[in-house]
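Subject: A structure for you to explore

Hi there,

Here is the structure I promised to pass on to you. Have a look at it first, and then read my notes below.

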Amino acid sequence: MKIPTVINWIALTLSILTASGMLWASEADDSENGETVFESAEQGSMETIESTQPETGEFDVELEKMVIEGIAPTADSTSELSDIDLRLKSAGTLGKTLERELGVYNASFGPGVGQPIIRGMGGPRVRVMHDGIGSHDASAMSQDHAVAAESLLADSITIHRGPATLRYGSGAIGGVVDVKHKRIPDSVPLKPIEGTAEYRYDHNPKENAGMVGIDAGKGNVAVHLDYFQRGNENTRIPGYALDEAAVREQLKTGAALNNSKGEIKNTDGESRGGSAGISLIGDLGYIGTSYNHTYKEYGLPPGDPGGHSHVGVAPGGSDQAEAMRFAMEQRRYDVEAMLFNPMPYIESVSVKTGYVDYEHEEGEPGFSVLFTNEVLETRFELEHRFIDQWSGFLGLQWQDREFLAENLVPQSQIDSLGLFFTEKLDLFDELTVEFGGRYERQVTEPNEKLLISNWFGGTQQLPTRKLTHKPSSLAASLTYRPFEGGSVYLAWQNAERAPDIQEMYSFGPHPANRSFDIGRLNLAVERASNREIGIRYDNALISLQGNAYQKDVKDFIYQENLGLFFQSDTNTLKAACTDGLRGCFPIYGFRGDDAEFYGYEAEIKFHPMFDWGTPHLTLFSDYVRGRFKDRALGDVPRLPPQRYGFEVGLQKNAWQGALRFTQALAQDRPGIDETETPSYHRFDLDVSYDWHADSGQRVLLFGKASNLSDSPIRNSTSFLRNIAPEPGMSLEIGFRAYF
């Protein structure tokens with residue numbers, strides 16, 4: 001793939017909009033009657049806000065005119081983090097940011113990595129996006145790779161579960177996380193220059209993090225600039241890093257282990273990056289482009305059996321510079337355009353194109369592995385409304401990808417083309433029917449037809465071949481609203497996923513993941529049949545949501561622990577790590593077997609309003625179970641445990657605070673040749689003060705205490721659960737200013 005290809009697609013995007021006859025307006029502001037009128041190109045809505053003069057700390061906002069567009073609840077299990085909620089939950093990794101959301105878990109790989117797990121599924125089944133275009137890092141390939149997303153720069157994060165994922169490709173069969181930001185402006189700021197700035201400090205792991213964002217505009221032109229930076233030291237933990245009994249059980253060894261107490265060595269890191277974007281905005285739409293650069297460097301917790309410098313680290317006895325380090329760098333270029341109401345029955349036409357150049361290097365002195373991912377993705381969507389009761393989307397998604405993992409996955413070309421539609425029909429005021437479909441064609445072709453391998457003490461010739469998969473999906477749902485504020489829904493989805501490249505072509509040691517991976521060329525397309533029933537209710541006193549789901553997956557692809565080990569220094573196959581742990585890799589083979597998943601998510605919140613404030617009490621729980629249809633294969637490995645808990649809080653004027661308790665049960669169904677994790681509990685406390693000045697500025701002050709009880713926590717979804725526990729108690733303070 002070459003850069004000129006991107007230029008061609010940019011030219012095509014421009015030509016589409018030019019051919020549609022876009023006419024740009026010269027003014028977005030109207031000062032008539034002393035009011036400020038703001039029109040958002042994305043929403044096509046108008047708000048009129050009258051100035052007020054609030055007192056410091058306590059303020060009232062009087063809306064002279066307000067237009068509210070009611071949107072009937074649907075069967076999509078969608079949630080969103082934004083504003084104060086996002087700022088309080090923001091963390092150094094995407095998984096850590098989202099771990100409190102119902103049905104969402106953090107697949108940590110030490111403190112430097114956290115990938116989202118949705119209803120027990122992650123990796124190549126959860127698609128992470130930036131404003132509708134894929135993140136295109138290497139996180140879907142392996143759990144040790146960080147997601148190239150920064151919550152400090154996010155305006156909101158949307159999580160899609162169930163049928164709502166149909167629009168985003170077979171890689172979204174488990175869920176979608178869409179990180180939304182202002183890289184490409186969709187409206188001209190009210191003031192010539194607006195901006196945000198944030199700083200936060202976390203005492204564990206002594207992390208300093210900050211960002212600044214600037215939005216400027218005049219006439220039809222809007223510009224956005226932002227920059228962020230993070231830096232942290234080693235993470236502190238209660239007790240020892242290694243669960244020695246579990247390590248010996250998993251590796252079938254009696255070798256001596258060195259351990260560290262009170263901290264996880266080699267978990268310091270830093271990240272930084274920034275964006276620049278510009279848009280041309282008019283009454284009928286907008287077109288814009290942006291550039292983003294992200295760099296992240298972090299370490300792998302020692303104590304691994306993968307042949308690195310340290311099996312474990314005695315306190316004060318390690319040279320941390322010798323441990324394995326990761327360096328990730330990504331450059332991305334995006335173009336986005338939207339046209340509103342170009343013709344009768346068409347509400348909007350949008351085109352998004354993203355080019356991503358990703359590089360990831362992992363290793364230690366004298367040894368490293370390089371991953372590269374070069375991707376061009378384009379989405380075209382047409383939103384229609386034939387009558388008031390019938391609306392929907394038609395779309396096309398095209399992706400051209402070139403991937404390489406040195407000595408593990410051959411350089412390969414992956415091309416895919418997907419066509420999709422979704423329709424919504426309001427039959428009556430109380431009943432809504434939704435349905436949709438998607439067809440996709442994926443072609444994967446390695447550059448080499450025959451690979452020469454020297455593993456296991458001999459030379460093997462490994463054939464590769466071009467593979468074509470054609471996954472398709474169908475979905476339908478029914479939502480019934482028996483009374484105001486309440487709805488019940490039924491949803492069904494038959495979704496398919498094509499195998500990803502590492503699942504088919506891997507053959508070799510993956511030191512950072514502490515495994516020797518073996519792919520399989522004859523993997524079939526995954527076929528998941530999902531059924532879900534749910535209820536929602538919301539009024540002035542109480543709100544609740546709950547659902548139960550069941551999913552049958554044919555040919556579910558996973559990594560099976562084969563119970564054997566590869567000794568790297570002797571290049572031999574072994575039954576156990578009898579000579580010590582250094583250079584001893586457990587062997588995992590990809591395979592597909594029929595499996596079933598089922599679970600639930602439930603939350604009920606009481607929020608009465610009094611003159612002295614608004615207290616709330618929230619009760620919550622979620623659960624997922626996955627097991628293979630062939631009971632001899634046991635349970636699906638590395639699934640999260642059942643959780644339940646409560647949150648009690650109070651909001652008074654600009655103040656709000658909440659104490660949250662979470663109890664996680666033991667994961668005693670870890671999968672064959674995997675180890676169990678014990679139960680744990682944790683307390684979290686959040687406090688914030690949202691100050692508004694009469695001149696329009698705003699400052700959000702916040703503080704949070706995580707794991708107040710300093711509980712030892714082993715994360716069942718992590719490959720490193722026996723080596724790197726979750727952080728102990730941490731105290732964080734910060735502010736976010738809007739100017």
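**A strand tucked inside**

All five of the five residues of strand E5 (residues 114–118) are buried, so E5 is largely enclosed by the rest of the structure. Buried means under 20% relative accessible area, exposed means over 50%, and partly exposed lies in between (1.4 Å probe, protein chains only). Helices (H or I, at least four residues) and strands (E, at least two) are DSSP runs, numbered from the N terminus.

Before we go on, please note that this is a predicted model: local features need pLDDT of at least 70, side-chain atom pairs count only at pLDDT 80 or more, and totals for chains, interfaces and linings use all residues. Residues are numbered from 1 along each chain as its sequence is written, and side-chain values use heavy atoms, with hydrogens and water left out.

Back to the strand. In a regular strand the side chains alternate between the two faces of the sheet. From E5, Gly114, Pro116 and Ile118 point one way, while Gln115 and Ile117 point the other way. E5 pairs with E4 in the antiparallel sense over five bridges; two strands pair if DSSP finds at least two bridges between them. Glycine 114 in E5 is the bridge partner of serine 108. The hairpin of E4 and E5 has five residues between the strands, and glycine 110 in this hairpin takes a positive phi near 80 degrees.

**The nonpolar core**

Which residues have the most contacts inside the largest nonpolar core? They are Val553, Phe556, Ala595, Phe597, Phe628 and Val636, in a core of 18 residues. Such a core is a set of buried Ala, Val, Leu, Ile, Met, Phe, Trp, Tyr and Cys residues joined through side-chain atoms within 4.5 Å. Strands E4 (104–108), E31 (542–567), E33 (584–606) and E34 (614–628) each supply at least two of its residues, and the largest share, four residues, comes from E31. Leaving out residues up to four places away in sequence, phenylalanine 556 touches, among others, Met121, Arg125, Ala595, Phe597, Phe628 and Val636. Contact here means heavy atoms within 4.5 Å.

In helix H4 (residues 244–251), the buried residues include Ala246, Val247, Gln250 and Leu251. They cover an arc of only 115 degrees around the axis, so they sit on the same side of H4; the arc is that of the directions from the helix axis to the C-beta atoms. Ala245 and Glu249, on the other side of H4, are exposed. E31 and E33 are among what covers the buried residues of H4. After H4 comes lysine 252, with a positive phi near 55 degrees.

**Salt bridges**

How many salt bridges does a search of the whole structure find? The search finds 45, each one a side-chain nitrogen of Lys or Arg within 4 Å of a carboxyl oxygen of Asp or Glu. One of them joins glutamate 297 and arginine 325, with the closest N and O atoms 2.5 Å apart. This pair links distant parts of the chain, 28 residues apart: glutamate 297 is in strand E16 (residues 285–299) and arginine 325 in strand E17 (residues 325–343). Glutamate 297 counts as buried, at 17% relative accessibility.

Another joins arginine 638 and glutamate 674 (3.0 Å, N to O). Arginine 638 is buried at 14% relative accessibility, and glutamate 674 is buried at 7%.

Enjoy exploring!
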